[in-house]
Amino acid sequence: SKTKNTESETESESDSAAAAAADIRRRSLSAASSSADTSNGRSDASGPREPLPIRDSLRQYPVFYAKFTFSSRETGELGFRAGERVFVIDQSDEIWWMGIVDHGADQPLEQGVFPATYVSDTPPKSTEWAELM
């Protein structure tokens, strides 16, 4: 029946989204633990070929810049400071987007949802940067 097919498609989409989110979290954790094993994210020619480090894989996503500080209040939300770069991995919702923030090599990546209006695809002007610091 048409309803049953739609329900299974929705379940399949939900399963795919959950699997993708779990994969990103898994890669983030493995990248953090293996970063000490590789120099500059590359393995030497004699060793096994390492997968692309998670931080390098962020380049495939569009970069946005936080216009305002967003303090996460619930589990699953992504908090960030004004001026930080946010790699947007899902813009399918008009209000809440999914993104990743990289706070630096010594910090784990953070992933979650945030209000789409809090970011811009253009970096702040140099005068705005001074105001953010």
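In this predicted model, five strands form an open sheet in the order β4-β3-β2-β1-β5, with antiparallel pairing. Two strands are taken to pair if DSSP finds at least two bridges between them. In general, the strands of a sheet pair through backbone hydrogen bonds, either parallel or antiparallel. The edge strands are β4 (110-115) and β5 (119-120), each of which pairs on one side only. Between β3 and β4, the antiparallel pairing extends over six bridges. Valine 101 stands opposite glutamate 110 in β4.

The protein contains three helices and five strands; these are DSSP runs numbered from the N terminus, with helices (H or I) of at least four residues and strands (E) of at least two. From the N terminus on, the elements follow the order α-α-β-β-β-β-β-α. Among the contacts with a separation of 6 or more, 46% join residues 24 or more positions apart, where contact means heavy atoms within 4.5 Å.

Of the 133 residues in the protein, 24% are buried. Buried denotes under 20% relative accessible area, exposed over 50%, and partly exposed in between (1.4 Å probe, protein chains only). The largest nonpolar core has 12 residues: Phe64, Ala66, Phe70, Leu78, Phe80, Val86, Val88, Trp97, Val101, Phe114, Ala116 and Val119. Strands β1 (63-66), β2 (85-90) and β3 (96-101) each supply at least two residues of this core. A second, separate core of five residues includes Ile54, Leu58, Ile100 and Leu109. A nonpolar core is defined as a set of buried Ala, Val, Leu, Ile, Met, Phe, Trp, Tyr and Cys residues joined through side-chain atoms within 4.5 Å. Ala116, a member of the largest core, touches Glu94, Ile95 and Trp97, residues up to four places away in sequence not being counted.

Valine 63 lies in strand β1. Its relative accessible area is 26%, so valine 63 is classed as partly exposed. Apart from residues up to four places away in sequence, valine 63 touches Arg85, Val86, Phe87 and Asp121. Valine 63 and valine 101 are 38 residues apart in sequence, and their C-alpha atoms are 10.0 Å apart in space.

Residues are numbered from 1 along each chain as its sequence is written, and side-chain values use heavy atoms, with hydrogens and water left out. Local features need pLDDT of at least 70 and side-chain atom pairs count only at pLDDT 80 or more, whereas totals for chains, interfaces and linings use all residues.
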